[in-house]
Amino acid sequence: MKFDSQGDLWMAGQRQVWHWDLIANKLRRIELSAKLPETHRLSALGSDGLSLYVASTSGLFQLTWEPLRIFHYQLNDSSNGFSLGFSGSGDRLAWLHASGVYRIDRYGKALIKLRGLDFIRQRDQVHYAPKANALWLLRKNHLMLVKDVGPQNAAQVVYQAKGRLKDILQWEDRIVTFTSRSVLFFTEGGQLIQSVPVASGRRLMALAFSPQHHHYLFDDGVIETYNLTEQTRTSFVLPEKALQKSAKIAVWEDRVALLNGAKPRLFRLPKAVD
């Protein structure tokens with residue numbers, strides 16, 4: 001799931017993309033199956049602020065919003081492997097694939113390989129920090145870092161958590177990861193600068209960042225939002241009886257999209273503050 005700059009929600013299916021126009025309350029299906037090999041599936045969404053990018057096993061698609069146009073970027077290095085997602089933004093948007101890290105040349109409509117990823121496993125989570133030219137890797141409870149991405153540089157373990165690390169994100173110049181019990185903030189150089197514990201009796205399931213807010217989803221169905229400017233907090237109880245371990249959230253202004261299994265739902269956060 002991903003919100004665009006207009007606040008519309010985009011979702012990737014197996015062989016098509018879904019566009020939810022929230023103002024008109026219309027859901028549109030965009031077929032990409034004619035350009036996809038039969039065995040390949042869509043797996044990740046990314047954005048450079050102007051277009052939406054949808055990854056498959058063997059390449060990616062660029063969708064411009066107004067008007068809708070579709071461009072196909074073919075992956076020449078390998079037709080096999082798996083997509084690991086996207087990192088960066090604007091001209092520094094990168095696609096992470098099992099065969100390597102690729103910078104997306106949106107003007108030349110080409111993929112430029114920065115380095116191979118022969119050491120990657122399918123369950124690993126990877127984040128590329130373009131400004132620092134560094135590659136971050138989650139493997140179970142290990143956080144690993146490749147500084148100055150190049151073909152010879154190896155990954156080094158910079159942190160070992162007590163529980164499984166769930167996701168890796170970037171907020172401003174900080175790298176953020178978390179377990180069910182704590183949120184960890186690192187410098188781009190790999191130094192731990194802050195560890196925030198989760199209140200006793202609760203488990204953190206997902207988090208999302210926007211420029212002025214941090215949003216945290218807990219296993220009791222509560223989303224807590226922290227306003228960084230005003231130093232205030234709001235809580236919102238989701239009408240979901242059971243959250244799956246794979247639950248994800250995406251945020252745009254006061255709208256929160258929840259993906260619980262294969263079921264997307266949309267909520268509007270309250271504006272009142274504690």
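In this predicted model, strand 7, which spans residues 59-64, runs antiparallel to strand 8, and six bridges join the two. Within this pairing, Q62 stands opposite F71 of strand 8. Strands of a sheet pair through backbone hydrogen bonds, in either a parallel or an antiparallel arrangement.

The pair belongs to an open sheet of four strands, in which the order is 5-6-7-8 and the pairing is antiparallel. Strand 5 (44-47) and strand 8 (69-74) form the edges of this sheet, each of them pairing on one side only. From one strand to the next, the twist averages 25 degrees.

F185 stands opposite Q194, a residue of strand 20. Strand 19 and strand 20 make up a hairpin, and four residues lie between them.

The space in the second largest pocket amounts to about 370 Å³. In total, 18 residues line the second largest pocket, and those that lie nearest its centre are V183, V196, P197, Y216 and Y226. By residue class, the lining of the second largest pocket consists of 12 nonpolar, two polar and four charged residues.

L138 is located in strand 14, which covers residues 134-139. The relative accessibility of L138 is 2%, and this residue therefore counts as buried, since the term applies to values under 20%. When neighbours within four places in sequence are left aside, L138 is in contact with D124, Q125, L143, L165, K166, D167, I168 and T177. The position of L138 was also compared with that of R41. Along the chain, L138 and R41 are 97 residues apart, and their C-alpha atoms are separated by 23 Å.

How values were computed: Residues numbered from 1 in each chain as written. Predicted model: local features only at pLDDT ≥ 70, side-chain atom pairs only at ≥ 80, totals over all residues. Heavy atoms only, no water. Pairing = 2+ DSSP bridges. Axes fitted to C-alpha atoms, helices over the stretch in contact; angles between N-to-C directions. 1 Å grid on protein atoms, 1.4 Å probe; cavity = no way out; pocket = protein on both sides within 12 Å on 5 of 7 lines; lining within 4 Å. Points joined across faces, edges and corners; volume = space filled by probe spheres on them. Nonpolar A, V, L, I, M, F, W, Y, C, P; charged D, E, K, R; others polar. Buried < 20%, exposed > 50% of the residue type's maximum accessible area, 1.4 Å probe, protein only. Contact = heavy atoms within 4.5 Å.
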